[in-house]
Amino acid sequence: MFATKDWLKASWYVGRGMLRPVTGAPSAAESRVKKEVPVMVPIRALGPSYRERITQHLLQLEPSDRYLRFGYAANDEQIRRYAEQLDFNRDEIFGIYNRRLELIAMAHLAFSEHPEHKHCAEFGVSVLKQARGRGFGARLFERAVMHARNEGVNMVFIHALSENTAMLKIARSAGATVRRDGSESEAYLQIPPASFDTRMAEMVGQQFAEVDYQFKKQAKQFWDFLANVQEVRSGVQHARHQSAE
């Protein structure tokens with residue numbers, strides 16, 4: 001996970017890059033900055049109003065991915081039931097959007113309801129096939145662990161099928177202990193208490209994700225508007241051509 005100063009530096013350079021046109025190859029200084037500053041992935045916390053988007057994201061998962069995500073071959077009805085039962089007051093849902101505001105990756109951090117395990121949480125993640133290979137799963141795990149720390153959690157669990165190598169790799173890379181029991185595996189990561197850095201990093205990360213979302217939203221509205229204008233123009237031109245005939 002990034003220290004606060006790294007998040008702030010990344011936020012600054014990302015914002016500055018949005019305001020500067022791309023002209024030619026980057027300078028040596030800019031190349032050095034790109035290597036030093038971690039690429040921030042805008043990860044947004046999702047509330048109850050996004051339940052339908054979450055449902056649609058999960059329904060887009062291929063059968064094999066549904067099997068790995070839920071531990072069984074979940075059908076459409078079971079996925080809808082899962083989404084309907086999400087408790088946004090207790091748990092935390094995180095998402096990553098593409099330019100078209102499609103939810104391409106999401107994570108579910110479920111907090112334990114049992115009084116004896118109130119400092120424990122379970123992590124689950126899903127990434128659409130077209131968005132794989134970009135490290136979104138690992139970034140979502142980092143984000144979820146940071147939030148868990150700030151909420152007083154000291155143990156994060158991952159229950160996965162042993163064949164879910166991608167998920168188990170994320171856990172091992174974070175330092176989690178993985179125990180295999182036949183076809184299933186259990187990973188657990190002990191995390192330290194919250195600090196000023198983790199609280200600031202979560203706040204900055206959420207603000208960055210919100211700004212990114214609003215930029216994407218405005219851009220999508222603009223391009224949708226242009227598409228509608230183009231459609232109207234095409235219709236007018238077609239009508240003129242027919243009347244001329």
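Start by selecting Arg69 and Phe70: Arg69 lies over the face of Phe70, 5.1 Å from the ring centre. Keep in mind that you're looking at a predicted model.

For another charge over a ring, jump to Arg44 and Tyr213. Here the charged end of Arg44 sits over the Tyr213 ring, 3.8 Å from its centre.

Next stop: aromatic pairs. The count for this model is 5. To look at one of them, pick Phe157 and Tyr188. Their ring centres are 6.4 Å apart and the planes meet at 40 degrees, so this pair is called tilted.

Now colour S7 by its two faces. Ser185, Ala187 and Leu189 are on the covered face, while Glu184, Glu186, Tyr188 and Gln190 are on the uncovered one.

Then show the neighbours of S7. S5 runs antiparallel to S7, and 7 bridges join them; Val156, for instance, has Leu189 as its bridge partner in S7. Strand S6 (residues 177–181) is antiparallel to S7 too, with 5 bridges, and Arg180 is partnered there with Ser185 of S7.

Finish at the turn of the S6–S7 hairpin, where 2 residues separate the strands. Click on Gly182 in that turn: its phi is positive, about 70 degrees.

Terms used:
Residues numbered from 1 in each chain as written. Predicted model: local features only at pLDDT ≥ 70, side-chain atom pairs only at ≥ 80, totals over all residues. Heavy atoms only, no water. Phe/Tyr/Trp six-rings, centres within 6.5 Å; stacked < 30°, edge-to-face > 60°. Lys NZ or Arg CZ within 6 Å of the ring centre and 35° of its normal. Buried < 20%, exposed > 50% of the residue type's maximum accessible area, 1.4 Å probe, protein only. Helix = DSSP H or I, 4+ residues; strand = E, 2+ residues; numbered from the N terminus. Pairing = 2+ DSSP bridges.
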